[in-house]
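Subject: Structure handover

Hello,

Please find the structure below. My notes on what was found in it follow.

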Amino acid sequence: MDNVVSAGSTTTIVGRLALGVTLLAVGLGYTGLIDGVTAADAVTLAHYVGGVALFVAGLLAFRESDAGTGTAFAALGALWFTWAVSPEVSANAAGLFLLLFALVVLTLTLAGGDTLGQAVYGLFFVALLLLAIAQFADSGALGKAGGWFAVASGAVAWYAATAALAHWPTALPRRGAAGRGVTAAG
């Protein structure tokens, strides 16, 4: 068997694209890679694409009876929306919000799902954890590291959506118990 993904549901593809773009924008802002661009510059994108679009994708997934995707996208949409519209708060309050956000993403990671989805949520969890600790410790280096994990998570989310549309492989063949090459499906 080959390990090519089908087109998947439209809501999953749209949700992964929205999450990927938001994570890439916010992550690049935290890394400082682009001169003069900060995470604060991604607030509008996080508000509408990460917040509103993901929340709507979550509601549409619930309508399609996909409780897992609906829960993930609606929760992430609500959290991105809250992050984008929150007033200026203390570093400790920001760190606490990021830590609580990380716990939601950890739940999504542990809930299972496809390999790419778990990779997105796992990298996103590490990003949020590092960003939360950076807020508590006032550490720019940890903030940059968290930004890079957000960029990696966004890139994987983008790849997952694009792979579903273009029918690209989503996993490498793995080795069977006897050393034989076995595809991810079996």
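Ring pairs join Trp80, Trp83, Phe97, Phe101 and Phe124 into a cluster. Please keep in mind that this is a predicted model.

Aromatic rings

In total, the structure holds six aromatic pairs. One of them is formed by Phe97 and Phe101, whose ring centres are 5.8 Å apart; their planes stand at 65 degrees, so this pair is edge-to-face. Both residues belong to helix α4, where they sit four residues apart, about one turn of the helix.

Is each of these two residues buried or exposed? Phe97 has a relative accessible area of 21% and is therefore partly exposed, the cut-off for buried being under 20%. Phe101, with a relative accessible area of 1%, is buried.

Phe101 also pairs with Phe124: the ring centres are 5.6 Å apart and the planes are at 70 degrees, so this pair is edge-to-face as well. Phe101 lies in helix α4 and Phe124 in helix α5, so the pair ties together parts that are 23 residues apart in sequence. Phe101 and Phe124 are both buried.

The cavity

How many cavities of 30 Å³ or more does the structure hold? There is one. The largest cavity has a volume of about 70 Å³. Its lining consists of Leu23, Val26, Tyr30, Trp80, Trp83, Leu98, Phe101, Phe124, Leu128, Leu131 and Ala150. Two or more of the lining residues come from each of α1, α3, α4 and α5. By class, the lining has eleven nonpolar residues, no polar ones and no charged ones. Trp80, Trp83, Phe101 and Phe124 are among the residues that line this cavity, and these four also belong to the ring cluster.

The pockets

The largest pocket has a volume of about 440 Å³. It is lined by 17 residues, and those nearest its centre are Trp83, Pro87, Glu88, Val89 and Ala94. Helices α3 (67-85) and α4 (91-110) each supply at least two residues of this lining. Which element has the largest share of the lining of the largest pocket? That is α4, with five residues. The lining of the largest pocket is made up of 13 nonpolar residues, three polar and one charged.

The second largest pocket holds about 300 Å³ of space. It is lined by 18 residues, with Gly68, Thr69, Ala72, Gly112 and Tyr121 the closest to its centre. Two or more lining residues come from each of α1 (10-31), α3, α4 and α5 (115-137). Here α3 gives the most, with five residues. The classes in this lining are seven nonpolar, nine polar and two charged.

The length of α1 can be checked against its residue count. At 1.5 Å a residue, its 22 residues should span 32 Å, and the end C-alpha atoms are 31 Å apart, which agrees. Just after α1 comes Gly32, with a positive phi of about 75 degrees.

The same check was made on helix α2 (residues 43-63). At 1.5 Å a residue, the 21 residues of α2 should span 30 Å; the end C-alpha atoms are 28 Å apart, which agrees. After α2 comes Ser65, which has a positive phi near 65 degrees.

Which residues of α2 are buried? They are Ala46, His47, Gly50, Gly51, Leu54, Ala57, Gly58 and Ala61. These buried residues pack against α1 and α3.

Ala74

Ala74 is a residue of helix α3. Its relative accessibility is 11%, so Ala74 counts as buried. Leaving aside neighbours within four places in sequence, Ala74 is in contact with Leu54, Phe55, Gly58 and Phe62. Of these, Leu54 and Gly58 are among the buried residues of α2.

Regards

Terms used. Residues are numbered from 1 along each chain as its sequence is written. This is a predicted model: local features need pLDDT of at least 70, side-chain atom pairs count only at pLDDT 80 or more; totals for chains, interfaces and linings use all residues. Side-chain values use heavy atoms; hydrogens and water are left out. On a 1 Å grid over the protein atoms alone, a cavity is a set of points where a 1.4 Å probe fits but cannot get out, and a pocket is an open set with protein on both sides within 12 Å along at least five of seven lines; lining residues have an atom within 4 Å of a point. Grid points are joined across faces, edges and corners, and a volume is the space filled by probe spheres set on the points. Ala, Val, Leu, Ile, Met, Phe, Trp, Tyr, Cys and Pro count as nonpolar, Asp, Glu, Lys and Arg as charged, and the others, Gly among them, as polar. Rings of Phe, Tyr and Trp (its six-membered ring) pair if their centres lie within 6.5 Å; planes under 30 degrees apart count as stacked, over 60 as edge-to-face and the rest as tilted. Buried means under 20% relative accessible area, exposed over 50%, partly exposed in between (1.4 Å probe, protein chains only). The expected span of a helix is 1.5 Å times one less than its number of residues. Contact means heavy atoms within 4.5 Å.
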